[in-house]
Amino acid sequence: MFIENALQGSPATTTAGRFRELWDEIAPIGRDARTGGYLRYAFGEPERQLREWFRQQAERRGMPVSDDGNGNLFARWGDPEAGDAVLTGSHFDSVPHGGAYDGPLGIVSAFLAVDELRAAGVTPARPVVVGAFVEEEGARFGVPCLGSRLLTGALTPERAAGLRDADGVSFAEALGDRPAGARPDLVAGFAAFVELHVEQGRAMVDRDASVGVATAIWPHGRWRFDVTGEGNHAGTTRMADRRDPMLTYAFTVLAANKEARLRGAHATVGRVRVEPNATNAIPARVTGWLDARAAEESTLAELVEAVRAKAAERARRDGTEIALTEESATPLVGFDADLGRRLAALLDAPTLPTAAGHDAGVLAGHVPTAMLFVRNPTGVSHSPAESATDADCAAGVTALARVLAELTSR
Ligand code: GLV
Ligand code: MN
Ligand code: MN
Ligand code: MN
């Protein structure tokens with residue numbers, strides 16, 4: 001009886017079966033039929049449905065839900081007086097046409113890990129809190145890990161409130177309130193944070209392991225470059241008379257690629273806005289967004305400086321103007337080394353660094369933090385081709401349950 005209740009009356013007899021049941025509940029939400037990718041943006045309709053699903057899952061399990069005034073949700077299992085909680089979870093939001101697993105896997109796995117512990121008769125000596133962070137991808141308001149940055153005070157509520165999406169809606173309007181900002185009271189109540197996430201490369205495939213433990217996150221950031229020229233007629237403007245920002249833009253993209261390769265770093269321009277965006281008009285303005293990452297902070301700084309210098313020189317030749325503005329920056333994150341070693345030994349799992357950003361990277365500056373990665377056979381992420389097998393997801397749930405049992409044992 002206890003076990004049946006603990007497993008939410010699920011008829012599935014295996015962890016993989018229970019994973020599939022719960023996964024299928026959210027799989028259609030925000031899925032684009034054309035690409036098979038997900039459009040789940042902070043406070044958009046699909047994300048609202050996922051938040052509602054979160055509340056229902058918590059309620060089914062008798063876990064009270066609270067929010068932090070910034071849009072982040074927390075569901076607690078266990079006596080709040082028993083001590084600082086172990087936080088686990090991830091995010092629901094996606095990049096445009098993103099994969100199914102990036103984010104939601106960590107939340108679904110967290111609820112299933114709680115079920116496994118209950119079924120095993122575990123009474124945690126400290127609470128387990130399942131968290132869902134808002135706007136991790138920065139796909140709507142431009143700043144990644146917005147929810148966790150607000151919670152920890154890495155971003156002021158004033159700056160966050162004024163961030164606007166492509167339609168001009170501000171974060172405060174979407175939230176329905178002014179963000180609460182730093183909540184040191186909540187952060188101090190977390191003894192540890194463990195975020196489970198799909199791996200976003202092929203390192204786990206190469207290591208032939210279903211679950212791994214992250215050691216670090218590369219420093220990374222986003223820079224917007226605004227190139228202004230002169231909008232004019234594509235047919236009648238002599239080539240010598242043009243001030244075409246598209247040329248400066250194109251050169252900047254190639255320069256970023258070259259400078260990154262020279263340094264073993266990563267540079268991407270995955271978003272561009274052209275004004276007026278007409279086939280027969282020389283653009284007046286082109287805005288691109290540079291995503292740059294490197295293993296060392298000094299390498300990242302050099303890379304961005306090199307791109308800035310090359311782009312400025314090219315703008316002089318093109319008769320355009322270019323301005324490079326930092327939109328977000330995340331320094332090198334080293335996860336708690338003791339915790340990482342302990343979990344890798346407990347799970348007999350390989351360790352690996354990553355170049356992807358996560359809320360765990362933000363929390364790591366305040367709370368002992370670790371990440372578990374689940375193997376991704378395609379190695380692809382931020383794309384509909386992102387993948388994970390049910391067997392590996394089940395291994396992730398079991399690993400997370402073991403980790404939570406270990407961290408809540410006293
Ligand atoms: C977040 O997913 C990032 O690293 O871009
Ligand atoms: Mn992502
Ligand atoms: Mn993610
Ligand atoms: Mn991420």
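## Close-up views of a predicted model

**Arg 222 is buried in this model, because 21 other C-beta atoms lie within 10 Å.** A residue counts as buried if 20 or more other C-beta atoms lie within 10 Å of its own, as exposed if 12 or fewer do, and as partly exposed in between, with C-beta atoms placed from the backbone. Before you look further, note that this is a predicted model, in which local features need pLDDT of at least 70 and side-chain atom pairs count only at pLDDT 80 or more, while totals for chains, interfaces and linings use all residues. Residues are numbered from 1 along each chain as its sequence is written, and chains are lettered from A and ligands numbered from 1 in the order in which they are written. Arg 222 sits in strand 7, residues 220–228. Helices (H or I, at least four residues) and strands (E, at least two) are DSSP runs, numbered from the N terminus. Leaving out residues up to four places away in sequence, Arg 222 touches Trp 289, Asp 291, Glu 327 and Ser 328. Touching, or being in contact, means that the C-beta atoms of two residues, placed from the backbone, lie within 7 Å.

UniProt positions follow the numbering used here, feature names are shortened, and annotations may be inferred rather than shown by experiment. Look for Arg 293 in strand 11, residues 285–293. Arg 293 is buried, because 22 other C-beta atoms lie within 10 Å. Among the residues that Arg 293 touches, not counting those up to four places away in sequence, are Trp 218, Pro 219, His 266 and Leu 300.

**Four strands form an open sheet in the order 9-11-7-12, with antiparallel pairing.** Strand 9 (266–275) and strand 12 (321–330) stand at the edges with a single partner strand each, so one side of each has no neighbour in the sheet. From one strand to the next, the twist averages 15 degrees. Two strands pair if DSSP finds at least two bridges between them. Strand 7 and strand 11 are joined in the antiparallel sense over 9 bridges. You can follow one bridge from Asp 226 to its partner Thr 287 in strand 11.

**Helix 10 and helix 11 both lie across strands 7, 9, 11 and 12.** Helix 10 runs at about 10 degrees to strand 11. Helix 11 (residues 297–318) runs at about 165 degrees to strand 12. For these angles, axes are lines fitted to C-alpha atoms, for helices over the stretch in contact, and the angles run from 0 to 180 degrees between N-to-C directions.

**Arg 263 belongs to helix 10, residues 245–263.** Is Arg 263 buried or partly exposed? Arg 263 counts as partly exposed, because 18 C-beta neighbours lie inside 10 Å. Its C-alpha atom is separated by 8.2 Å from that of Ala 294, 31 residues apart along the chain. Besides its neighbours within four places in sequence, Arg 263 is in contact with Ala 294, Thr 299, Glu 302 and Leu 303.

**Ligand 1 has Glu 137, Pro 144, Ala 356 and Gly 357 around it.** A residue belongs here if its C-beta atom, placed from the backbone, lies within 6 Å of the molecule. Glu 137 is found in the loop between strand 4 (128–133) and helix 5 (146–152). Glu 137 is buried, because 22 other C-beta atoms lie within 10 Å.

**Asp 102, Glu 137 and His 382 carry the feature "binding site" in an unreviewed UniProt entry.** These residues are spread over 281 residues of sequence, yet they cluster in space, with a largest C-alpha distance of 9.8 Å. His 382 lies in the loop between strand 15 (369–374) and helix 14 (390–407). His 382 is buried, because 20 other C-beta atoms lie within 10 Å. Not counting residues up to four places away in sequence, His 382 touches Val 95, Gly 98, Gly 99 and Asp 102.

**Strand 5 (residues 190–198) is largely enclosed by the rest of the structure, because 8 of its 9 residues are buried.** Strand 3 (residues 85–91) pairs with strand 5 in the parallel sense over 4 bridges. Here Val 86 stands opposite Ala 192 in strand 5. Strand 5 and strand 15 also run parallel, joined by 6 bridges. Glu 195 has Met 371 in strand 15 as its bridge partner.
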